[in-house]
Amino acid sequence: MIRRILISACLLLGMTGFAMAQDSMKVLAEKLSKGIASFDYSFATTGSDTPFAGDGKAVVAGQCYRIEGNGLDIRCDGAVRYTADPAAGEMVIESADGQTLDFLSNPALLLSDIGSNFKVLNLSREGGREVYELSAVSEPSIKALTLILDKGLPVAAELHMKDGARVEFKVSNFCFTSSPSLWAFSQSELSNYPNITDLR
């Protein structure tokens, strides 16, 4: 009888721990959907035909984001996405609706709307960190995503693609801010780009 009680207690504690960890992910997703997060990132790909690496700075707020890195300035206001190459004077403007997020070349997008893009399959704890195994909700090219939270904030991720490619992603200086960001390009900024491709 005592053994059964102990086993039941252990199971309950395990379930409580799982629920608490689920809450960490839920809290992060809610904060990202309602607030503005800023962070620096670096990434490297392996197993793809054209392996590459990069780094940059990102500001995200739900479906809105701005990513500056690898010579690109990418902005999305939730409806329209702008991908600008200032050095080349080129810009592509496209509708954000129905477009597949390019996680492979812009892994900072992983955090842009993580609550909607991924669901939790499993979690564990390693050295005080929470390690989440996630699956994509509507992205058929993604096999799995491992997300690591430290004190409820993302510090690393590993993206596994179905074609065998893998992206290792590191996050630093993650914080929530009240400072607004520019999610779109103004008309005066657009005038600086001689080559604009509008796909809307």
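Strand E7 (residues 118-126) lines up with E8 in the antiparallel sense, over eight bridges. Two strands count as paired if DSSP finds at least two bridges between them. Helices (H or I, at least four residues) and strands (E, at least two) are DSSP runs, numbered from the N terminus.

Before going further, a word on where this comes from. This is a predicted model, where local features need pLDDT of at least 70, side-chain atom pairs count only at pLDDT 80 or more, and totals for chains, interfaces and linings use all residues. Residues are numbered from 1 along each chain as its sequence is written, and side-chain values use heavy atoms, with hydrogens and water left out.

Back to E8. Serine 124 has valine 131 of E8 as its bridge partner. The hairpin of E7 and E8 has two residues between the strands, and glycine 127 takes a positive phi near 55° there.

E8 also pairs with strand E9 (residues 142-150): they run antiparallel and are joined by five bridges.

Now zoom out to the whole protein chain. It has three helices and twelve strands, and buried residues make up 41% of its 200 residues. Take contacts (heavy atoms within 4.5 Å) between residues at least 6 apart in sequence: 47% of them join residues at least 24 apart.

Another strand, E2 (residues 53-61), holds alanine 58. Alanine 58 and serine 38 sit 20 residues apart in sequence, yet 5.8 Å apart in space, C-alpha to C-alpha.

What about disulfides? A search of the whole structure finds zero, a disulfide being a pair of cysteine sulfur atoms within 2.5 Å. Cysteine 64 and cysteine 76 show why: the sulfur of cysteine 64 is 6.4 Å from its closest cysteine sulfur, in cysteine 76, too far for a bond.

| Residue | Relative accessibility | Class |
|---|---|---|
| Alanine 58 | 0% | buried |
| Cysteine 64 | 17% | buried |
| Cysteine 76 | 2% | buried |

Methods
Buried means under 20% relative accessible area, exposed over 50%, partly exposed in between (1.4 Å probe, protein chains only).
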